[in-house]
Amino acid sequence: MNNKPTLFTALTPALLHLYDLKDSIVVIIDVFRATSTICTALYNGAAKVIPVAGVENCIAMGKQIVGSITAGERDGKVIEGLQYGNSPAEYPRSFIQGKTLVLTTTNGTKLLHMALESGCSEVITGSFPNLSAVCAHLLKENKNVVLGCSGWKDRFNLEDTLFAGAVIREVKEHFTIHCDSSLMAESMYDRHKDDMFEFIQKTTHWHRLSAYGLEKDLQYCVTPDIANVVPIYRDGELLAL
């Protein structure tokens with residue numbers, strides 16, 4: 001009898017409702033750039049990250065919490081009324097250590113709240129900078145997993161799917177995977193893992209964000225294992241495991 005847990009990949013938030021999230025770990029993936037920023041801030045000593053879906057909530061919460069900073073973007077631009085953007089480079093240890101980051105983003109925070117409302121057992125966030133930490137956590141927990149790609153406004157994107165493929169490549173021997181989107185993600189990652197910086201420049205999100213001069217950000221976001229913590233969602237906050 002196969003007692004391995006299952007693993008599925010939801011390629012966009014619009015497809016998340018098709019998966020049974022009950023008692024599953026959901027990995028929120030928003031490579032460009034929310035989940036890369038979250039693990040970087042926590043790796044560099046942030047006390048916590050509070051993900052909020054709306055701008056008004058972000059501003060209000062920032063006023064309530066001592067030692068907090070508010071951050072967020074819409075369509076790659078810093079939102080009026082917030083203090084900082086969604087660039088990992090904005091959160092070095094010298095700045096973020098001990099502070100609370102209240103963050104709202106275009107796609108990632110939306111998907112996180114969708115997953116919570118669907119009854120999953122746990123939410124963590126993943127991106128290439130914390131790839132190994134995410135994989136180690138999934139193997140340790142030995143539970144059903146849904147890899148949730150944030151995409152772009154409910155559309156498919158390549159970078160989130162590539163990260164899902166990287167996770168699958170590392171953990172697949174420990175899971176039952178009868179999921180074509182997972183097979184596609186792994187195949188795509190295997191094909192491009194050795195030319196990631198070159199291939200990622202073909203993506204629509206790269207072109208969208210590089211127009212704002214964010215090329216170094218985007219290269220950081222596809223660099224493995226440079227911020228290896230697991231952000232886990234507990235009682236409204238993302239904390240480093």
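**Exercise 1. Classify the exposure of Phe8 and Tyr19, then describe their ring pair.**

Solution. Phe8 has a relative accessibility of 28% and therefore counts as partly exposed, where partly exposed lies between buried (under 20% relative accessible area) and exposed (over 50%), computed with a 1.4 Å probe on protein chains only. The structure is a predicted model, in which local features need pLDDT of at least 70 and side-chain atom pairs count only at pLDDT 80 or more, while totals for chains, interfaces and linings use all residues. Residues are numbered from 1 along each chain as its sequence is written, and side-chain values use heavy atoms, with hydrogens and water left out.

Tyr19, at 22%, is also partly exposed.

Next, apply the ring rule: rings of Phe, Tyr and Trp (its six-membered ring) pair if their centres lie within 6.5 Å; planes under 30 degrees apart are stacked, over 60 edge-to-face, and the rest tilted. The count comes to four aromatic pairs. For Phe8 and Tyr19 the centres are 5.9 Å apart and the planes stand at 55°, so this pair is tilted. Phe8 belongs to strand 1 (residues 7-10) and Tyr19 to the loop between strand 1 and strand 2 (25-29), so the pair links distant parts of the chain, 11 residues apart. Helices (H or I, at least four residues) and strands (E, at least two) are DSSP runs, numbered from the N terminus.

**Exercise 2. Which class does the pair of Phe128 and Phe163 fall in, and which parts does it join?**

Solution. The centres are 5.3 Å apart and the planes are at 80°, an edge-to-face pair. Phe128 sits in the loop between strand 7 (122-126) and helix 5 (131-141), and Phe163 in helix 6 (residues 158-171), so the pair ties together parts 35 residues apart in sequence. Both Phe128 and Phe163 are buried. Elsewhere, Tyr84, Tyr91 and Phe95 form one aromatic cluster.

**Exercise 3. Describe the largest nonpolar core.**

Solution. A nonpolar core is a set of buried Ala, Val, Leu, Ile, Met, Phe, Trp, Tyr and Cys residues joined through side-chain atoms within 4.5 Å. The largest one has 40 residues, and Phe32, Phe128, Leu138 and Leu147 have the most contacts inside it. Elements that each supply at least two residues include strand 2, helix 5, strand 8 (145-149) and helix 7. Helix 6 gives the most, with seven residues.

For Leu147, contacts (heavy atoms within 4.5 Å) beyond four places in sequence include Phe8, Val27, Ile29, Ala164 and Ile168. A second, separate core of 28 residues includes Ile38, Leu103, Val146 and Tyr233.

**Exercise 4. How many disulfides does the structure hold?**

Solution. A disulfide is a pair of cysteine sulfur atoms within 2.5 Å. For Cys135, the closest cysteine sulfur is that of Cys39, 13 Å away, too far for a bond. For Cys179, the closest is in Cys149 at 10 Å, again too far. Cys135 is buried at 6% relative accessibility, and Cys179 is buried at 6%. The structure holds zero disulfides.

**Exercise 5. Where do the buried residues of helix 4 lie around its axis?**

Solution. In helix 4 (residues 108-117), the buried residues are Gly108, Thr109, Leu111, Leu112 and Ala115. Viewed down the axis, they fall within an arc of 160°, so they line one face of the helix; the arc is that of the directions from the helix axis to the C-beta atoms. In general, an α-helix has 3.6 residues a turn, so residues three or four places apart point the same way. After helix 4 comes Gly119, with a positive phi near 85°.
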